[in-house]
Amino acid sequence: MKKETKASSPLRGDKRGAPVIIEVRGLHKTYTETEVEVKAINGIDLSFEEGEFTAIVGPSGCGKTTFLNMIGGLDVPTSGKVFINGTDISTFSSSKMIDFRLNNIGFVFQAYNLIPVLTAKENAEFIMQLQGRPKAERDKRIAELFEAIGIAGKENIKPSRLSGGQQQRVAVARALASKPKFILADEPTANLDSKATAELLDIMHELNRQEKVTFIFSTHDKRVIERAERIITLEDGKVVSDIIVNI
Amino acid sequence: MIIFRIAWRNIWRHKVRSSIVMFAVTVGLFGGLASTAIMKGMVMDMVKNNIENEVSDIQIHNPKYPANNEIRYVIQNSSQVMDSIKKVDGVKAVCERTKIQGMASTASKATGVIVIGVEPELEKKVTGIYRCLTDSAGTYFASKHRNRMLISEKLAKELKVKIRSKVVITFQDFDGNLTGASFKVEGIFKTQNDLFDKQNVFVRKSDLDRILDMPPNSAHEIAILLNSNDETYTVLPVIKKMFPQYLIEGWFDINPYLEMSTSMTKYMLLIFMSIIMLALGFVIVNTMLMVVLERTRELGMVMAIGMNKKKVFKMIFYETSILGSVGALLGIVVSALFAWYFGNNGLDITSFSKGFETFGYSTVIHPILETSDYIEVIVMVFFTGLIASIFPTIRALKMKPEEAIRE
Ligand SMILES: Nc1ncnc2c1ncn2[C@@H]1O[C@H](COP(=O)(O)OP(=O)(O)O)[C@@H](O)[C@H]1O
Ligand SMILES: [Mg+2]
């Protein structure tokens, strides 16, 4: 039986009481370069706790990507603050922000996730490479992840010869490899068929449980929304509902 | 290492384009190095010939002689002077000459010449004119008869004389009286310097001294050949100290053009290569800008996931460097082969070299490339790569990753 409650703590069962890792206060983002001013984010206050498996949903243009970019430090808010582990990241210089992203946040994008000249394994270990992790550690971790996401044996294949679902799984493996604080996935299943979508969600959810890594993903796909443990709905840059899904 | 791997593989994403850029670098470098090698070969050959056939390493004159070549300004006790010079370290051979201006005339024509009276056996050790005889019937003062002369091919044509023809040479003797004598052409020579050939005729010093009534044991010019041209800089001051009363000059004083030419060769490569590198730099920058534009999303993505500015620069620098250095390596190898082969066998440019000899250049060129030339080129390629990376990197870093990855 499925029951929905208004969010107080977004976590349930054994996850309850985990520390807050992302806190957003009075967030606004207004694009002024365009002819008409666009208020992509129009006053959002939210917090996310460690171990969440959360979907940001809403129609196209409601501000999902913009919101994820703000909390991922890819873009700076017009006003408001983003705290990650208590640190206000809007004060970071762009160089410091890059390093912060490298060491704290995993990203999965809708498309163009992988470097075409690198093999699946090289792509997956790319972040660990940038971090300067030793080869033995990388090999062990990638082998473990490829096993977990069901693409063992595809290590030496270039992205162009992998299916869309396999490519996204490599992207998830890369995001996860260095054990970031949280993973942001912007419509990771938008280009996938329903079977691949279900598989990717299974994998993400499994990893969320096993590795206790926080996943925040945007989507407007019903099948994906159904899998989330917390559903935040945006409309015109505002949160219109924030619910925790209890089973 | 991963960055280099990406750069390397990126190069081969556009095989044709990258190959064209590399080939352009190869051709550019070969062009620069080969023309430098040819110029250097020509100049050094000209300098060497000039020193060997004309000026020698060091010359001694009476200080008043060079102004007007007046017959009375001689070096006295010339044989003693020669004897003491022979003992100086680095000196290979010494000879003395009587040298005056005169008029050479035949039935058809008369022309002003410099008459050089030489002591054939000593002269042979210092200058190489005896090796430059063209007419196979000619000899270098082998005849036991008096009043023999050597004349250049050029002058022989002008005066319409052959071997065994007679030429009358007139000049003022030591006392200022007009005098002259008839000389029989014994040999015809040809150096690489037409101007030298046109001006000078050779006779025996003993004949000339007798006709001129020169004081015994005197000469106008003493020429010194050293073990190597470079030693001139060290030997010259020694000899200057020995004979402060005379004018003592190195080859670079006597013919400043030679020294200028030698030092010019040092800048030749720099000048040639700078121009070529500038052009190649543009080609590379242009290609890399194209690359950055093509990979906007990819670059945006790697920057989004945490690749910092330094590594973005590195990636672009590696890519430009590979483009540059693969081509450069080929260019250097081809140039080295070129310099090696033609350095040994000579590059004959007779067919399109009319007029070269007028300036003392040989028509068979031995291209020269030195280690320093290669080093210079490698350094230039490196810095071109570095500079050519800056602009595309700036372009890449201007991108906002969030915009680059937005669908
Ligand atoms: N760089 C930009 N310049 C101007 N407007 C933008 C820009 N990026 C997004 N927007 C606008 O902001 C709004 C929210 O966009 P986005 O966050 O991409 O929505 P979603 O991801 O939910 O589809 C849209 O109206 C979009 O047109
Ligand atoms: Mg979006």
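This is a predicted model: local features need pLDDT of at least 70, side-chain atom pairs count only at pLDDT 80 or more; totals for chains, interfaces and linings use all residues.
Tutor: Helices and strands are DSSP runs, numbered from the N terminus.

Student: Is B:Asp57 buried or exposed, and which side chain of opposite charge is nearest?

Tutor: Buried means under 20% relative accessible area. B:Asp57 is buried and has no salt bridge; B:Lys92, the nearest side chain of opposite charge, is 8.3 Å away. The side chain of B:Asp57 does reach the backbone nitrogen of B:Leu226, at 2.7 Å.

Student: How many salt bridges does a search of the whole structure find?

Tutor: Side chains of opposite charge can pair when their charged atoms come close. Over all chains, the search finds 35 salt bridges. One of them joins A:Lys121 to A:Asp139, with the closest N and O atoms 2.8 Å apart. This pair links distant parts of the chain, since A:Lys121 belongs to helix 3 (residues 120-124) and A:Asp139 to helix 5 (residues 135-148) of chain A, 18 residues apart.

Student: Why does A:Lys121 count as buried, and why does A:Asp139 count as partly exposed?

Tutor: The cut-off for buried is under 20% relative accessible area. A:Lys121 counts as buried because its relative accessibility is 19%, whereas A:Asp139, at 25%, counts as partly exposed.

Student: Which parts of chain A does the pair A:Glu211 and A:Arg141 tie together?

Tutor: The side chains of A:Glu211 and A:Arg141 meet in a salt bridge at 2.8 Å, N to O. A:Glu211 lies in helix 7 (residues 194-211) and A:Arg141 in helix 5 of chain A, so the pair ties together parts 70 residues apart in sequence. A:Arg141 is buried at 6% relative accessibility, while A:Glu211 is partly exposed at 26%.

Student: Where does ligand 1 lie, and which residues come nearest?

Tutor: A residue is near a molecule if one of its heavy atoms lies within 4 Å of it. Ligand 1 lies between chains A and B. Of the 13 residues around ligand 1, the nearest are A:Gly61, A:Lys64, A:Thr65, A:Thr66 and B:Arg406. The shell divides into five nonpolar, six polar and two charged residues, and helix 1 of chain A gives the largest share, three residues.

Methods. Residues are numbered from 1 along each chain as its sequence is written. Chains are lettered from A and ligands numbered from 1 in the order in which they are written. Side-chain values use heavy atoms; hydrogens and water are left out. Helices (H or I, at least four residues) and strands (E, at least two) are DSSP runs, numbered from the N terminus. Ala, Val, Leu, Ile, Met, Phe, Trp, Tyr, Cys and Pro count as nonpolar, Asp, Glu, Lys and Arg as charged, and the others, Gly among them, as polar. Buried means under 20% relative accessible area, exposed over 50%, partly exposed in between (1.4 Å probe, protein chains only). Lys and Arg count as positive and Asp and Glu as negative; His and the chain ends are not counted. A salt bridge is a side-chain nitrogen of Lys or Arg within 4 Å of a carboxyl oxygen of Asp or Glu. A polar contact is a pair of N or O atoms within 3.5 Å; within protein, one must be able to donate a hydrogen and the other to accept it, and residues adjacent in sequence count only if both atoms are side-chain atoms.
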